[in-house]
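Q: I have just opened this one for the very first time. Could you walk me through it while I ask as I go?

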Amino acid sequence: MSRTQYRRWTLVLFTAFALTLATVSFAQVEGKAAPNQAQTNTLQVAAGQKMNIEGVVYGQQQDSIIVRATGGGIYNVTFSANPEVKEKKSNPFRSARKYTKADLVPGLHVEVKGTGDNSGGIAAREIRLTQDDFKVAQTIDTRVVPVENRLSDTQARLGEAEQNAQRLSGQVQEISIISNAARTGAKTAQDTADNAMSTATDARSRADSAKVGVQAANERITSLDDYAVKNLATVHFKVGSSNLSKEDRDELSKFAEQIKEERGYVIEVAGFASSDGDVSVNRKLSQRRADAVIQYLAENYSIPLRRFITPMGYGESQPVGDNKTHTGRVENRRVEVRILVSKGLTPTEGPSTSIHASN
């Protein structure tokens, strides 16, 4: 193989690696609005105008919050009127829980009643929320806030794309290591081809071997962003419960031990429910089951939060058993946990395990 061909193969390898990094970074940046942009588009409210909005907390400050309303508008809600923050309860036989302003974390669904103030925001006099929405938002906040609090003042001014790239630095470093190894393999193959040209008896065979090595390295780089299921665990729950039994925790511990030797992996967690009860209740129940599994794995085995794909509660959808039978409903009350490994690191798919709790 000539030196001109060597330069062409090297250019192909670097181009493929650059496209892989660009795909990962773009996938993380796309679809997430920058906070500064959201604040620029904040709707102005006339002073004294009565307001009653419902939406999700988008940002939190010491004396105010930013709420994205159901219709898409963004409002600045201040605490100048010392609002009452309490639970929107569904049980008439107990008193409503009270919360503090500090509990209004990003991601929390709230109802705000108040009037327009002189700054164009809403001076809230009452803020209401449900217990289930608070638990979900609190779980999300415990994952995001510790990371954001560690950023220095300089890092806080970085663009959204650069922040996402930093959160993925661990995975990017792993991909970079493999890419460097692939380029080293390609150079070794090229050297073998150059040496083969000086030997007339076996020049052709060595050149062919070198070509195969370069092609294999190129294919490995291409597959770095392609994931395969390495392991699968299924946890089953009792009716209406999201608690992990001792048997569940023991089996999840065995499952977590298999992750220690993995590299370039992510964990997908999906919760499900049987058809017992209301559809909306089952959807929230399935989300709590998925959150319970993630919390156990993260707290007890120090699995980085960047490894977890955003959990999803599917409720009654996607049943694996017949909801008309007891056995089928037992199978449907489950959480599925999958380890996804980059094919560029581990091209073969490993065995799956199944974890069963008492029914």
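Q: How do E8 and E9 pair, parallel or antiparallel?
A: In this predicted model, E8 and E9 pair in the parallel sense over two bridges, where strands (E, at least two residues) and helices (H or I, at least four residues) are DSSP runs numbered from the N terminus, and two strands count as paired if DSSP finds at least two bridges between them. Residues are numbered from 1 along each chain as its sequence is written; local features need pLDDT of at least 70, side-chain atom pairs count only at pLDDT 80 or more, totals for chains, interfaces and linings use all residues, and side-chain values use heavy atoms, with hydrogens and water left out.

Q: And which residue is the bridge partner of Gly271 in E9?
A: Gly271 has Gly313 as its bridge partner in E9, while in E10 the bridge partner of Gly271 is Val335.

Q: How many residues of strand E8 are buried?
A: Six of the seven residues of strand E8 (residues 265-271) are buried, so the strand is largely enclosed by the rest of the structure; buried here means under 20% relative accessible area, calculated with a 1.4 Å probe on protein chains only.

Q: Back to E7, how does it pair with strand E10?
A: E7 and strand E10 (residues 334-342) pair in the antiparallel sense over nine bridges, and Ala233 stands opposite Val337 in E10.

Q: New topic: which strands does E1 pair with?
A: Strand E1 (residues 50-60) runs antiparallel to strand E5 (residues 109-116), joined by seven bridges, with Gly55 opposite Val110 in E5. E1 also pairs in the antiparallel sense with strand E2 (residues 64-69), over five bridges, and in E2 the bridge partner of Val57 is Val67.

Q: How many residues lie between E1 and E2 in the hairpin?
A: The hairpin formed by E1 and E2 has three residues between the two strands.

Conventions. Buried < 20%, exposed > 50% of the residue type's maximum accessible area, 1.4 Å probe, protein only.
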